[in-house]
Structure formats: C-alpha cells, structure tokens
Amino acid sequence: MEVFKVIPSGYCKGVVNAINLAKKAALDYPDKKITMLGMIVHNRYVVEALKHYYIDFIEQPKTTRLKLLDQINEGVVIFTAHGVCDEVINKAQSKGLICINASCGDVIKTQTLIKEAIADNYNILYIGKQFHPESEAVTFIDSEKINLITSVKDVDPLPSFEKVFVSNQTTMSILEISEILEAIRKKYPHAVIHEEVCNATRIRQEAILKLENVDCLFVVGDPHSNNSNKLKDIALKHGIPHVELIENVQDINIAPLKNYNRVAVTAGASTPTYLTDQVVEWLKSYCIDPNTEKPSINIHKIL
Ligand code: SF4
C-alpha cells in the first residue's frame, strides 16, 4: 500500500494567526481570566491545548455569540477566527472586557464588502452554513437585507430584487458554490457576484480534485470544521471510493486497509500538523508491519 500526504493541507495563515494571538493573550494578561467566545478554530485539540495556557472557552450549539457573551463577565474575551459582528464587540466593550479579535483577514474582507454593498442599497445573497459562526457574524450585519443561502433549493423561492449582491462563507466547497452561483445567475442575471472562497480553502480543495487512482482518502479534521467537511464532500464528488473524516490516528479503522493500493491523507485548515503527521507515519509503519501499535496523542505537542 502506498501512503502519501496531499499538498497543500493543514494549517492556514488565519488559524496560525488566531492561535498565536491566543498564546500572546496568555503572556500579556497572566493575572486575568481569558475566555474564547466559541472554539478559536474548529478543532477540539487546539482548544484543549489552549486550556494548558489557562485559556477557557464557551460554546453552546445554536446559541449566538451575542447570547454566549452573557456568560463572560470579567477579564479578556477572544473572538474566534470565524469573525465577529459589531454588536458582539460593542457589548463586550460595554461590559468592560478586554477584547482580542482573532478574526481572519479573509473573513473581515467579505464582511467589509457586504457592509459596503448594503450601504449602496443592495440586497445580499450570502452563501453559507446555518448556525456557523462565520455566517452568523455576517447575517447580524443586517438580517433584513441579508438572505442566507444554504443550498440551490433556497434560490428559487427568493423574491425579485432590483439590486443583488452575492458573496459567501470563505470555507465553502468550490463545486457547491459554482452550482449555487449558476442558479443565482439564472434568477438574477444582473447580480453582482463576489465569490470569496479563501485561497487556503480553494487550493486544498483543488489538490483533492487533482488526485488520481486513490482508493482511500483520510481527511484529518474536527467534525465541526466546515473546511474539513468540504474536503470530504469534494473528494466524494471527485469519485474517490472511500473517504473518511477522522480526528486522529486512533480513529483509523484497520480492517479495510488491506483492500487499498493507494491511500492519501489531507487535513482541514484548522488541524494541527502533529495529528496529520501521526496519521501518515502510522499508515506508513502499518505498510511495513501490520501489527504496528497506534501512537497515543500528546496534547502538549499540538500547538
Ligand atoms: S480557512 Fe480561510 S478564512 Fe478560514 S481562517 Fe483559514 S485563511 Fe482564514
């Protein structure tokens, strides 16, 4: 069995920046309580590793960041890489919290484009995932003017708009986006379209689309990570027979491995390199000796 790592894969600049900001906060404010408003990036091992820096986090499914903020009453609050809306920043400041904004620059760019389009009287079609913090932060800009599009099915029921501006969550699948954009162009031929899949997401997905003769692809990533899930979707659409999203080496199901000739490993933009390398190294060892034990995870090696 041949095993190889897909290039590029793993950490993007936005994730590295967010983790560095969190670590810096721990150094700058050693005596203050530090809380992340949600998972700083969508990988539970990163969040766990940051607990060793005495950085806590709060997260509740389907609860807005604005509401979650009610649970932070002192110290430092870190806004996550997925972006934050002005209401949350204002509320945190009015509570007297020290605010650290780890929003990725690519996310901020999309938010700025949408704000400018709203000021110019456009109705916005925003392609994104419901309840994802990035789309939540965008829809908070103006819930009347912004229509969240989660699939092609959402396009048809929309009313006619005179001015239409289209953009999207940065971590969407390039295949899904082009399908939805086609439906939007048909309904609104006059729409102004800014496709904003970020470069990190795009080149990781394109690398999957270039794979040939691969029997199995392991995507190392957290189930909450949109870009990791989209890597899986893209691989399935590309026709790779077996695609699995795994969090770490322990999740690999050994039994089917004997059926594969070529196994590829990729990773979401928020997946620690250490976890991906463990998967690749163990698979290579398995090829030499199928009785090779899987290694355990050392949380101190994550960051
Ligand atoms: S995946 Fe893209 S948008 Fe998200 S943090 Fe990385 S570079 Fe930024």
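Phe165 has Val192 of strand β9 standing opposite it. This pair belongs to a predicted model, in which the chain has ten helices and twelve strands. The radius of gyration of the chain is 21 Å, close to the 19 Å that the globule rule gives for 303 residues, so the chain is as compact as a globular protein of that length. Along the principal axes, the C-alpha atoms of the chain fill a box of roughly 65 × 55 × 25 Å.

- Strands of a sheet pair through backbone hydrogen bonds, and the pairing is either parallel or antiparallel.
- Four strands make up an open sheet with parallel pairing, in the order β7-β6-β8-β9.
- The edges of this sheet are β7 (146–149) and β9 (192–193); each has a single partner strand, so one side of each is left without a neighbour in the sheet.
- Strand β8, which covers residues 164–168, runs parallel to β9 and is joined to β9 by two bridges.
- Helix α7, formed by residues 174–187, lies across β6 (123–127), β7, β8 and β9. The helix runs at about 155° to β6.

**The sheet that contains β5**

- Another open sheet has four strands in the order β3-β2-β4-β5, and its pairing is parallel.
- At its edges stand β3 (55–58) and β5 (98–101); each has a single partner strand, so one side of each is left without a neighbour in the sheet.
- On average, neighbouring strands of this sheet are turned by 25° against each other, direction ignored.
- Strand β4, residues 76–79, is parallel to β5, and four bridges join the two.
- Within this part of the sheet, Val77 stands opposite Cys99 in β5.

**Domains and their contact**

- The domain assignment divides the chain into domain 1 (2–11 + 200–301), domain 2 (13–105) and domain 3 (106–196).
- The centres of domain 2 and domain 3, taken over C-alpha atoms, are separated by 26 Å.
- Domain 2 gives 14 residues to the contact between these two domains, and domain 3 gives twelve residues.
- On the side of domain 2 that touches domain 3, there are three nonpolar, eight polar and three charged residues.

**Surroundings of the ligand**

- There are 15 residues around the ligand, of which Cys12, Gly14, Cys104, Thr170 and Cys198 come nearest.
- Three helices, α1 (13–28), α5 (105–119) and α8 (199–209), each supply at least two residues of the shell around the ligand.
- Helix α1 provides the largest share of this shell, namely three residues.
- Sorted by class, the shell around the ligand contains eight nonpolar, five polar and two charged residues.

**Backbone details in two loops**

- Ile7 and Pro8 are joined by a cis peptide bond, with omega at about 0°.
- Pro8 has its place in the loop between β1 (2–5) and α1.
- Asn121 has a phi near 70°, which is a positive value in a residue other than glycine.
- The position of Asn121 is in the loop between α5 and β6.

Definitions and conventions: Residues are numbered from 1 along each chain as its sequence is written. This is a predicted model: local features need pLDDT of at least 70, side-chain atom pairs count only at pLDDT 80 or more; totals for chains, interfaces and linings use all residues. Domain bounds come from an automatic or database domain assignment. Two residues are in contact if their C-beta atoms, placed from the backbone, lie within 7 Å. Ala, Val, Leu, Ile, Met, Phe, Trp, Tyr, Cys and Pro count as nonpolar, Asp, Glu, Lys and Arg as charged, and the others, Gly among them, as polar. A residue is near a molecule or strand if its C-beta atom, placed from the backbone, lies within 6 Å of it. Two strands pair if DSSP finds at least two bridges between them. Axes are lines fitted to C-alpha atoms, for helices over the stretch in contact, and angles run from 0 to 180 degrees between N-to-C directions. The radius of gyration is taken over C-alpha atoms; the globule rule is 2.2 Å times the number of residues to the power 0.38.
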